[in-house]
Amino acid sequence: MNLQQLLAHLPWSRSRGQQRPTSPAPAPEPMPGPTDAGTTVTPLKWERLDVQAAIIHHLEWCVLFNEHLSVDRTHTRHTTPLPDAQQSALGQWITRMDLRAAGADPRFIELQQEHLRFHALAQRALDHAHHQRMDLASTLLNNEFERSRARVLDMLRGLQKT
């Protein structure tokens, strides 16, 4: 299986011909969290549009990742750099939300962990693809990576409903 065939089998690449969604306005500045250890953290009300922006960030990163899979390494200087977990727009959103006391929510902690796992799997898949190990890249992308990608999306949608 060559790279183009692999890309054609990835679930998120099927809509590649569609317009990429535009990002909404940047998230509001973080609200200060509790100031001392004796303060009780009240449950964070998830802003629906704020979580929607995070979902869009995740999907846009997936499109960029797909582009990186299909690029010849000799032409990488012409490709937008692929942000890691902390540099990605979703990673920055997670950091802002953590500052807003979201870190006390077990669902948020699980999202943080899965987001890091997702990026680690993506890097492994890119390494396999760039070393011409499409068999390994395909297996990883269609199994662990796809489950992690969908899980991050499901977690974000779950936060959006609360």
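Trainee: Among contacts between residues at least 6 apart in sequence, what share join residues at least 24 apart?
Mentor: The share is 76% in this chain, where contact means heavy atoms within 4.5 Å. This is a predicted model, so local features need pLDDT of at least 70 and side-chain atom pairs count only at pLDDT 80 or more, while totals for chains, interfaces and linings use all residues. Residues are numbered from 1 along each chain as its sequence is written, and side-chain values use heavy atoms, with hydrogens and water left out.

Trainee: How many helices and strands are there?
Mentor: The chain has 5 helices and 0 strands, in the order α-α-α-α-α along the sequence. Both are DSSP runs numbered from the N terminus: helices are H or I with at least four residues, strands are E with at least two.

Trainee: And how much of the chain is buried?
Mentor: Buried residues account for 37% of the 162 residues. Buried means under 20% relative accessible area, exposed means over 50%, and partly exposed is in between, using a 1.4 Å probe and protein chains only.

Trainee: Which residues touch the most other members of the largest nonpolar core?
Mentor: They are Phe65, Leu90, Trp93, Leu111, Phe145 and Leu156, out of 29 residues in that core. Two or more residues each come from α2 (48-69), α3 (89-99), α4 (106-130) and α5 (134-161). The biggest contribution is from α5, with 10 residues. A nonpolar core here is a set of buried Ala, Val, Leu, Ile, Met, Phe, Trp, Tyr and Cys residues joined through side-chain atoms within 4.5 Å.

Trainee: What does leucine 111 touch?
Mentor: Leaving out residues up to four places away in sequence, leucine 111 touches Trp93, Ile94, Val152, Met155, Leu156 and Leu159.

Trainee: Back to α5. What span should α5 have, and how far apart are its end C-alpha atoms?
Mentor: At 1.5 Å a residue, the 28 residues of α5 should span 40 Å, and the end C-alpha atoms are 38 Å apart, which agrees. The expected span is 1.5 Å times one less than the number of residues in the helix.

Trainee: Where does α5 bend?
Mentor: At leucine 141, by about 40°. That is the angle between axes fitted to the seven residues ending there and the seven starting there.

Trainee: Different topic. How many aromatic pairs turn up?
Mentor: A search of the whole structure gives 4 aromatic pairs. One of them is tryptophan 61 with phenylalanine 65: the ring centres are 5.4 Å apart and the planes are at 10°, so the pair is stacked. The rule takes rings of Phe, Tyr and Trp (its six-membered ring) with centres within 6.5 Å; planes under 30 degrees apart are stacked, over 60 edge-to-face, and the rest tilted.

Trainee: Where do those two lie?
Mentor: Tryptophan 61 and phenylalanine 65 are both in helix α2, 4 residues apart, about one turn of the helix. Tryptophan 61 is buried at a relative accessible area of 7%, and phenylalanine 65 is buried at 0%.
Mentor: Phenylalanine 118 and phenylalanine 145 are also stacked, at 5.0 Å centre to centre with 25° between the planes. That pair links distant parts of the chain, with phenylalanine 118 in helix α4 and phenylalanine 145 in helix α5, 27 residues apart.

Trainee: Are phenylalanine 118 and phenylalanine 145 buried or exposed?
Mentor: Both are buried. Trp61, Phe65, Phe118 and Phe145 form one aromatic cluster.

Trainee: How many salt bridges?
Mentor: The count is 7 salt bridges, each being a side-chain nitrogen of Lys or Arg within 4 Å of a carboxyl oxygen of Asp or Glu. One of them joins glutamate 114 and arginine 151, with the closest N and O atoms 2.7 Å apart. It links distant parts of the chain: glutamate 114 is in helix α4 and arginine 151 in helix α5, 37 residues apart.

Trainee: Is glutamate 114 buried or exposed?
Mentor: Glutamate 114 is buried, with a relative accessible area of 6%. Arginine 151 is partly exposed, at 35%.

Trainee: What about glutamate 146 and arginine 149?
Mentor: Their side chains meet in a salt bridge at 2.6 Å, N to O. Both lie in helix α5, 3 residues apart, about one turn of the helix. Glutamate 146 is buried at 14% relative accessibility, and arginine 149 is buried at 10%.

Trainee: Which residues do shared partners join into one network?
Mentor: Glu110, Glu114, Arg117, Glu144 and Arg151, through salt bridges that share partners.
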